[in-house]
Amino acid sequence: MAEKKKNQVRPKKKIRGVRASQVKNVLITGVTSTIGRMLAEQFYFDERVGKIIGVAIDPKPYYFEDYSPERFVYIRANILKYRELNNLFLSEVFKNSKINTVVHLAFVTSTRFTPEEAYNINVEGTRNLLLRCIETGTIKKFVFKSSMIVYKIRPHTPVLLDEEAELNLDPNADPWIKNRVDADMICRSMMDNPKMDIVVLRFSNIIGRNITSELNEFFDMKPCLVPMGYNPMVNLIHAKDVVNAIQLAVHKKVRGVFNIGGRETAPLRTFLYYNKNTPVPLPHPLLGPVYGFINKIGLTSYYYPVEKDLLRFTALPDWSKAQKVLGYRPYNRVRFG
Amino acid sequence: MTPQQREAVWRLVDRLLPKEEAKRLKNMNFVDEGFGYDVFGFEKESFALAYLFLRFFYKYWFRVRGYGYENVPRKGKVLIVPNHSGTIPVDFIMIAIDLFLHVNPPRVARGIVDHFAGALPYIGLIIYRTGSVIGARKNFEVLLQRHGETVVVFPEGTRGIGKGWANRYKLTRFNVGFIEMALKYRTPIVPTAVIGAEEQAPQIAKLTTVGKLLGLPYLPITPTFPLFGVLGLIPLPSRYYIYYGTPLHYYKAYKPSAIKDPVLVRQLADEVQGIVQDMINKGLKRRKSVFF
């Protein structure tokens with residue numbers, strides 16, 4: 001035990017001047033995801049953050065063992081299940097931690113879930129969590145990690161999409177897109193409540209090790225099948241910038257929807273070139289069946305239907321609002337190869 | 001393009017173009033996002049490659065003559081508003097090359113193209129790489145307000161190029177979008193007349209249903225197309241005259257909120273149409289021959 005305590009990473013000493021009322025005690029859902037793990041680490045060393053509760057459905061991973069239990073507590077819970085969610089909010093740990101901020105990252109994108117299961121986790125889970133947070137009255141900030149795939153993309157869509165751009169409400173859209181849109185809209189519908197500030201961050205394509213974004217998996221394929229005659233501009237955001245944006249949203253007194261883009265903007269095939277991928281152009285009506293087949297036989301985990309429009313038409317995030325209101329700027333470059 | 005392809009383009013430029021033109025291509029300014037492209041996908045090397053090919057048409061096929069370059073601002077945002085004609089939209093290409101060659105420092109003309117073009121494979125790609133963009137309002141904001149570019153907008157839209165031989169040089173009613181953009185983003189308008197494009201491919205008829213099947217607004221019938229197949233799309237070598245008129249600074253007289261007044265916006269659009277029509281009429285009177 002003593003040995004364990006010795007090995008624990010000590011957080012930085014709190015800087016004098018951070019008032020107790022300004023200290024954020026944060027609950028992170030989906031903390032075992034790559035972004036969740038990075039965020040937990042960032043908050044652990046952030047002197048403006050007090051207690052951190054990490055929630056996920058997995059057993060406690062080894063990398064959280066080094067954290068001091070005074071600052072970081074891991075709870076295994078399925079936020080989809082009402083009872084588990086209730087138990088979490090009634091637990092001593094939750095009460096003692098005086099949680100005032102929730103960062104909701106739990107969102108399944110893996111194809112191992114059926115669309116119904118995914119809907120329950122993604123949409124119902126978000127709704128339950130959000131309602132429970134408002135009920136407590138002590139949670140003052142709710143940050144939801146959304147995605148640029150919520151936007152409707154057409155050939156004549158403006159190149160830069162701001163937060164007011166049309167959402168993809170197409171009834172024939174892929175279930176994964178619908179989940180994102182539904183969860184995003186649930187957050188938006190509750191944004192006017194006076195008790196809690198809700199912030200929705202719509203990220204462009206997140207790139208990083210072990211990140212399960214569609215484009216990340218697309219870049220992992222060799223060779224890459226691309227639509228013939230198209231080469232849209234694509235924006236990539238480094239996972240560190242994602243964490244920085246969430247941190248800004250937690251600390252700033254803001255509410256609303258923000259698009260968050262990364263530093264890298266170039267045509268899709270330029271990124272493939274720097275990543276040493278070989279693009280294989282195919283007529284776009286063939287891409288769906290071909291990707292469906294190679295996905296089924298296990299050659300790729302890339303799920304084409306979610307990004308089929310993004311591979312043909314340019315839709316970049318206009319993050320000028322985030323720059324102005326949150327003070328966000330992307331600093332990290334994506335490394336290829 | 002890959003770095004190697006870019007190098008090859010510049011080698012080609014140095015070998016094939018006069019020093020002055022190569023220098024102009026290299027000195028073109030645009031808002032680079034970091035990989036040699038702007039947010040719309042414009043790439044200097046793609047423009048240079050297109051210029052290498054289209055220069056022949058500008059200099060030797062259409063033998064373009066331009067007047068009134070002093071009316072085009074040297075820097076900052078500007079809306080170039082010309083008539084649209086000629087069945088195939090070559091008029092924009094000639095204006096773009098004309099501005100590139102005669103305005104100092106060289107400016108990239110950002111053409112606003114119709115929505116359907118963005119869906120076309122390869123064509124949509126070429127449009128974006130050479131500087132044009134799809135006519136969405138947000139795109140105007142980025143081009144004018146944030147980047148301060150030279151934007152060429154044809155208020156007649158595809159109606160202009162599809163109006164047929166009998167209606168040549170008679171402007172169809174201008175759309176009002178360009179006035180709204182000019183007032184909203186406080187941008188001067190340069191009325192522009194293009195003479196010569198109507199005769200490049202006289203349109204006898206148009207097949208709307210067949211065109212729609214191909215993803216186009218219509219399929220034109222000209223004396224040479226579809227009679228001579230794809231070769232029939234090569235325009236006739238009529239001589240082009242481009243006149244740039246005195247800039248109109250409506251934004252000085254009206255606030256951006258004036259765009260909420262549809263009557264005023266319509267009135268200003270009609271006023272610009274009248275000015276362009278006058279410039280066309282004067283240009284036609286001055287012209288001695290269609291081809292020489």
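User: What covers the buried residues of helix 6 of chain B?

Analyst: In this predicted model, the cover of those residues includes strand 6 (160-161) of chain A, together with strand 2 (78-82), strand 3 (109-113), strand 4 (133-134), strand 5 (150-152) and helix 8 (177-184) of chain B. The buried residues of helix 6 (residues 137-146) of chain B are K138(B), N139(B), F140(B), V142(B), L143(B) and L144(B). Helices (H or I, at least four residues) and strands (E, at least two) are DSSP runs, numbered from the N terminus. After helix 6 of chain B comes G148(B), with a positive phi near 60°.

User: On what basis are residues numbered and values computed?

Analyst: Residues are numbered from 1 along each chain as its sequence is written, and chains are lettered from A and ligands numbered from 1 in the order in which they are written. Local features need pLDDT of at least 70, side-chain atom pairs count only at pLDDT 80 or more, totals for chains, interfaces and linings use all residues, and side-chain values use heavy atoms, with hydrogens and water left out.

User: What makes V31(A) count as buried?

Analyst: Buried means under 20% relative accessible area, exposed over 50%, and partly exposed in between (1.4 Å probe, protein chains only). V31(A) has 0% relative accessibility and therefore counts as buried. Its place is in the loop between strand 1 (24-29) and helix 2 (34-44) of chain A. Not counting residues up to four places away in sequence, V31(A) touches residues including R37(A), A40(A), V55(A), F64(A) and Y74(A), where contact means heavy atoms within 4.5 Å.

User: Which of these words, exposed or partly exposed, applies to K98(A), and which to R186(B)?

Analyst: K98(A) counts as exposed because its relative accessibility is 64%. R186(B), at a relative accessible area of 39%, is partly exposed. K98(A) is not a glycine, yet has a positive phi of about 50°; R186(B), also other than glycine, has a positive phi near 50°. Most residues other than glycine have a negative phi, and most peptide bonds are trans.

User: Why are helix 1 of chain B and helix 2 of chain B called roughly antiparallel?

Analyst: Angles under 35 degrees count as roughly parallel, over 145 as roughly antiparallel, 65 to 115 as roughly perpendicular and the rest as oblique. The axes of helix 1 (residues 3-16) and helix 2 (residues 19-27) of chain B cross at roughly 150° and come within 8 Å. The two helices are therefore roughly antiparallel to each other. Axes are lines fitted to C-alpha atoms, for helices over the stretch in contact, and angles run from 0 to 180 degrees between N-to-C directions. W10(B), V13(B) and D14(B) of helix 1 meet A22(B), L25(B) and K26(B) of helix 2.

User: Where are the cis peptide bonds from K222(A) to P223(A) and from F225(B) to P226(B) placed?

Analyst: The cis bond from K222(A) to P223(A) has omega near 0°, and P223(A) is in the loop between helix 7 (214-220) and strand 9 (224-227) of chain A. The cis bond from F225(B) to P226(B) has omega near 5°, and P226(B) lies in the loop between strand 8 (219-221) and strand 9 (241-244) of chain B.
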